[in-house]
Amino acid sequence: MDDISRDSNALVTQLNEEARLFDIEISKEQSQLLIAHLELVIEKNKVLNLTRIVDEQDAVTKHVIDSLLFVKAYQGLTVPSGRFLDIGTGAGFPGIPFGIMTKLRGTLLDSVGKKVAAVEEFVSSLGLTDQLEPRTARVEDLARERHGQYACVTARAVAELNVLLEYASPLLRKEGVLIVSKGQMSDAELANGTYAAKICGMELVSRETFELPHEAGHRELVTYRKAAKPQIKLPRNVGMAKHKPLVVQ
């Protein structure tokens, strides 16, 4: 990763400056990997729709820094050892940056095969194939295959909070954590999340708010811990969490 262009250097500088606003320390190698991933995404986006954000400077903030907020939320948590799972990874956000920063082994999950094929290319190009496993599957099917095998689950702009809690619970080992990134959350979404958490054996650990640089958006990072056995059998059948969600009656 030593061969880095002048444009890439400018993006690395931007990345480090913005990360410092959140007290996130990034090594030179990590910076270069994070920007290399971003550049791979923008190049692949010319032939495959992965992102609406095509300006590299905007993407540093709205993709990379946004992903690093998961690292900020993760730091300081007491989490059991084990792998992480990124649900709905898309172009590899936040999963690839999260893996680069934490050095945890992980699974990058998406139900869209073309996106996973692209993420496989990114992981290979970045030299992370021994650490990160791109996977095409429905989250409910993975939960049956790998029940209780993950220490941490991440999700960025994927689904409502109650749905994500139901997805994560059967995948997490005891004391494992779910970290969700949201924009503005309605009172109804929070109430349904609280209701679903109780049913799914999850408890709220923290709710932190952040403002992205350059007025790029408001973020809420909500963290839950797997504290007890679910009150219902999980996972339910594919699609049930979204189409018949756990909501306040």
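**View 1. Alanine 157 is exposed, at 74% relative accessibility.** Exposed means over 50% relative accessible area, buried under 20% and partly exposed in between, with a 1.4 Å probe and protein chains only. Alanine 157 is not a glycine, yet its phi is positive, about 55°. The residue sits in the loop between strand 4 (150-156) and helix 7 (161-168); helices (H or I, at least four residues) and strands (E, at least two) are DSSP runs numbered from the N terminus. The model is predicted: local features need pLDDT of at least 70, side-chain atom pairs count only at pLDDT 80 or more, and totals for chains, interfaces and linings use all residues. Residues are numbered from 1 along each chain as its sequence is written, and side-chain values use heavy atoms, with hydrogens and water left out.

**View 2. A salt bridge joins arginine 156 and aspartate 66 (2.9 Å, N to O).** Because arginine 156 lies in strand 4 and aspartate 66 in helix 3, the pair ties together parts that are 90 residues apart in sequence. A salt bridge is a side-chain nitrogen of Lys or Arg within 4 Å of a carboxyl oxygen of Asp or Glu. Arginine 156 is buried at 15% relative accessible area, and aspartate 66 is buried at 3%.

**View 3. Arg83, Glu133, Arg135, Glu145 and Arg146 are linked in a network of salt bridges.** The closest N and O atoms of glutamate 133 and arginine 83 are 3.2 Å apart. Glutamate 133 lies in strand 3 (residues 132-136) and arginine 83 in strand 1, so this pair ties together parts that are 50 residues apart in sequence. Glutamate 133 also meets arginine 146 in a salt bridge (2.9 Å, N to O). Arginine 146 is buried, with a relative accessible area of 13%, while glutamate 133 is partly exposed at 23%.

**View 4. Two peptide bonds with omega of about 0° are cis: phenylalanine 93 to proline 94 and leucine 234 to proline 235.** Proline 94 is in the loop between strand 1 (83-87) and helix 4 (95-102). Proline 235 is in the loop between strand 7 (218-226) and helix 9.

**View 5. Glutamate 215 has a positive phi of about 55° although it is not a glycine.** Its place is in the loop between strand 6 (202-211) and strand 7. At 80% relative accessibility, glutamate 215 is exposed.
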